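Trainee: I would like to learn how to read a few structural features. Please give the general idea each time, then the case at hand.

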Amino acid sequence: MSKKVLLTGDRPTGPLHIGHYFGSVQNRVAMQDDYDSYYMVADVQALTDNFNNPEKVRENVIEVAMDNMAAGLDPKKATLFIQSQIPQIAELTVFYSNLVTVNTLKRNPTVKAEIAEKSELFGREGESVTYGFLGYPVSQAADITFVRSEVVPVGEDQLPMIEQTREIVEKFHRIYNCSIFPLPQAKLSDSPRIMGLDGNAKMSKSLNNAIYLKDSPEETAEKIKTATTDSETTISYDPQRRPGISNLVLIYSLIHNKKPGDIVKDLQGVTYSAFKSRLASDLNAHLTPLRNKRHELESKPHYIKEILEMGREKALKKAEETMSLVRAAMKINY
Ligand code: ATP
Ligand code: MG
């Protein structure tokens, strides 16, 4: 029996942090044995809000691929490729754009929140939002479907994109009287969202509140030492009332593969500073194999490029297969 197809990816907007690692990378590594897995570096999507900073996007293509490989994504099992190298995704995006109304895109909750966050780029009321940014969920539907993916491991913020993809697939099948694509399903990770070390709701590349996978053990320890907690003295897991310390307990529990409510019992009577040093040394120990592998990969960027080139060839074959079905269904197979 052939394996189900899985597609996932990262935007090359910065190196990955432990929020990405526990939130999605671990999951995709665990699934690569059971699925025909595609991993995409979403450079075209990154350009929708970084079109004026192409150097940043280019620099981070190798970074995010390297972080994933260091974490265990195995090029023998998964196909790694760069979005812009598959022109069929752009072609499919154009066809799908007829099936989605502008109002639906404006109502997408993730798109709405991101437009509000990017007021410098898109204006205070979003009045300067570009056609490309507003349409990125359509392009994401093309990413997911060009390999005819069934499973898409993502974080919570991506659920509206998967829903949009399902709507496009259903409409495409109805209008063009065909059945080319599976209805894709989101696969959420078991780990909830990791907060920033500064108490912000999201650990983020852009807020300087993250522990990067590539940080040194010393940088990691220093960041944990200065992480926001509170003025209480006992350690408990209570994310609503005590978000800072609970986030550290959550990270600690993920390293030890236990539930935060359980692991907190081992921390009774431990001071904040003793807990923080224990967390730093355990996190560093947990990340050591990944960091060693990353150092090894950093010395051979050509190897990463070769992997991405091999992935491009495989993804292109799949893309052409899908597009011949699509063009026939749309009666443009002249
Ligand atoms: P950007 O700001 O450029 O969008 P990002 O940090 O949101 O960057 P993405 O490349 O958009 O990263 O997302 C990669 C994956 O990591 C997604 O599935 C997302 O849901 C997940 N993710 C991102 N931040 C966190 C976090 N703090 N905790 C858990 N999962 C996260
Ligand atoms: Mg994002």
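Predicted model: local features only at pLDDT ≥ 70, side-chain atom pairs only at ≥ 80, totals over all residues.

Trainee: How many of the residues of strand 1 are buried?

Mentor: Two terms come before the case. Helices (H or I, at least four residues) and strands (E, at least two) are DSSP runs, numbered from the N terminus. Buried means under 20% relative accessible area, exposed over 50%, and partly exposed in between, with a 1.4 Å probe and protein chains only. In strand 1 (residues 5-10), five of the six residues are buried, so this strand is largely enclosed by the rest of the structure.

Trainee: Which way do strand 1 and strand 2 run, and how many bridges join them?

Mentor: Two strands pair if DSSP finds at least two bridges between them. Strand 1 and strand 2 run parallel and are joined by six bridges. Leu6 stands opposite Ser37 in strand 2.

Trainee: What should I look for on the two faces of strand 4?

Mentor: In a regular strand the side chains alternate between the two faces of the sheet. Strand 4 (residues 151-154) is covered on both: Val151 and Pro153 are buried on one side, Val152 and Val154 on the other. Strand 4 also runs parallel to strand 5, with four bridges between them. Pro153 stands opposite Lys187 in strand 5.

Trainee: How many aromatic pairs are there?

Mentor: Rings of Phe, Tyr and Trp (its six-membered ring) pair if their centres lie within 6.5 Å; planes under 30 degrees apart count as stacked, over 60 as edge-to-face and the rest as tilted. The count by this rule is 10 aromatic pairs. Take Tyr38 and Phe81: the ring centres are 6.5 Å apart and the planes are at 75°, so this pair is edge-to-face. Tyr38 lies in strand 2 (residues 36-41) and Phe81 in strand 3 (residues 78-82), so the pair links distant parts of the chain, 43 residues apart. Tyr38 is buried at 2% relative accessibility, and Phe81 is buried at 0%.

Trainee: What kind of pair do Tyr96 and Phe181 form?

Mentor: Tyr96 and Phe181 are edge-to-face, with 6.5 Å centre to centre and 75° between the planes. Tyr96 is in helix 4 (residues 87-96) and Phe181 in the loop between helix 10 (159-175) and strand 5 (185-188), so the pair ties together parts that are 85 residues apart in sequence. Tyr96 has a relative accessible area of 0% and is buried; Phe181 is buried too, at 6%. Ring pairs join Tyr96, Phe172, Tyr176 and Phe181 into a cluster.

Trainee: Where does the charged end of Lys300 sit?

Mentor: A charge sits over a ring if NZ of Lys or CZ of Arg is within 6 Å of the ring centre and within 35 degrees of the ring normal. The charged end of Lys300 sits over the ring of Tyr303, 5.0 Å from the ring centre.

Trainee: How many residues line the second largest pocket, and which lie nearest its centre?

Mentor: Rolling a probe the size of a water molecule over the atoms shows where empty space is left. On a 1 Å grid over the protein atoms alone, a pocket is an open set of points where a 1.4 Å probe fits, with protein on both sides within 12 Å along at least five of seven lines; lining residues have an atom within 4 Å of a point. The second largest pocket is lined by 22 residues, with Thr93, Tyr131, Gly132, Gly135 and Ser139 nearest its centre. Helix 4 gives the most to this lining, five residues.

Key: Residues numbered from 1 in each chain as written. Chains lettered and ligands numbered in written order. Heavy atoms only, no water.
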